[in-house]
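Work through the exercises below with the model open. Each task is followed by a solution in steps.

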Amino acid sequence: MTSSVSSVFISYIMNYFKKRVKLFLQLANLVALTMFVILICIQRSYIFVPPSFVTTSLYILCTGAAISINGVIPLYYELACDSAFPADEGLTGSVIVTVNNLLGFTVLMLFLHPTLALGTLLLV
């Protein structure tokens, strides 16, 4: 829910900065990477967090990373449509969605194979 609302908000803001879409996408990915690194450091006890603040910090980090990743997905579609300019936007968007769904389906089917899913919780 948060990512859906944030994607509308981020797209509204990016209408004013049309020439800086690539820079904004790079910064959003850097923010998500930083939040995941901090999350891993907290999990591995490299960073000490008081016990009363653990749940709050994990919620903030996970929500911030989700917003940074999922909130900019419409910008990736817009950038792809701009890059393939002579082609119609509907064609470009449908090709991207189809390839995304096929790759996601392939990954899920690979992990359903018993020898590839060893050591994971997918077979439980």
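A crossing is left-handed if the near helix is turned anticlockwise from the far one by less than a right angle, and right-handed if clockwise. Keep in mind throughout that this is a predicted model.

**Exercise 1. Describe how helix 2 packs on helix 4: angle, axis distance and handedness.**

Step 1. Two packed helices are described by the angle between their axes and the distance between the axes.

Step 2. Locate the pair. Helix 2 covers residues 21-43, and helix 4 covers residues 73-83.

Step 3. Read the geometry. The angle is about 145 degrees, and the axes lie 11 Å apart.

Step 4. Assign the hand. Helix 2 and helix 4 cross in the left-handed sense.

Step 5. List the contact residues. Helix 2 contributes V21, K22, F24, L25 and N29. Helix 4 answers with L75, Y76 and L79.

Step 6. Sort them by class. Six residues of this contact are nonpolar, one is polar and one is charged.

**Exercise 2. Which residues form the largest nonpolar core, and which element gives the largest share?**

Step 1. Collect the members. The core has seven residues: I10, M14, V21, L25, A28, V72 and L75.

Step 2. Name the main contributor. Helix 2 supplies three residues, the largest share.

Step 3. A28 touches S68 and V72, leaving aside residues up to four places away in sequence.

**Exercise 3. Is S68 buried or exposed, and what does S68 contact?**

Step 1. S68 sits in helix 3, residues 54-70.

Step 2. Apply the cut-off. Buried means under 20% relative accessible area. S68 has 10%, so S68 is buried.

Step 3. Check the side chain. One of its polar atoms lies 2.9 Å from the backbone oxygen of G64.

Step 4. Find the neighbours. Beyond four places in sequence, S68 touches A28, V31 and A32.

Step 5. Take V31 from that list. V31 belongs to helix 2. Its relative accessible area is 38%, so V31 is partly exposed.

Step 6. V31 and N70 are 39 residues apart along the chain, and their C-alpha atoms are separated by 12 Å.

**Exercise 4. Repeat the analysis for S57: where is S57, and is S57 buried or exposed?**

Step 1. S57 is also a helix 3 residue.

Step 2. Its relative accessibility is 7%, so S57 counts as buried.

Step 3. S57 touches I42 and V49, again not counting residues up to four places away in sequence.

**Exercise 5. Classify Y16 and F17 by accessibility.**

Step 1. Y16 lies in the loop between helix 1 and helix 2. F17 is found in the loop between helix 1 (2-14) and helix 2.

Step 2. Exposed means over 50% relative accessible area.

Step 3. Classify Y16. The value is 59%, so Y16 counts as exposed.

Step 4. Classify F17. The value is 46%, so F17 counts as partly exposed.

Step 5. Look for a side-chain partner. A polar contact of 3.3 Å joins Y16 to the side chain of Y12.

Step 6. Y16 and L108 are 92 residues apart in sequence and 39 Å apart in space. F17 and S4 are 13 residues apart in sequence and 20 Å apart in space.

Note on methods
Residues are numbered from 1 along each chain as its sequence is written. This is a predicted model: local features need pLDDT of at least 70, side-chain atom pairs count only at pLDDT 80 or more; totals for chains, interfaces and linings use all residues. Side-chain values use heavy atoms; hydrogens and water are left out. Axes are lines fitted to C-alpha atoms, for helices over the stretch in contact, and angles run from 0 to 180 degrees between N-to-C directions. Helices (H or I, at least four residues) and strands (E, at least two) are DSSP runs, numbered from the N terminus. Contact means heavy atoms within 4.5 Å. Ala, Val, Leu, Ile, Met, Phe, Trp, Tyr, Cys and Pro count as nonpolar, Asp, Glu, Lys and Arg as charged, and the others, Gly among them, as polar. Buried means under 20% relative accessible area, exposed over 50%, partly exposed in between (1.4 Å probe, protein chains only). A polar contact is a pair of N or O atoms within 3.5 Å; within protein, one must be able to donate a hydrogen and the other to accept it, and residues adjacent in sequence count only if both atoms are side-chain atoms. A nonpolar core is a set of buried Ala, Val, Leu, Ile, Met, Phe, Trp, Tyr and Cys residues joined through side-chain atoms within 4.5 Å.
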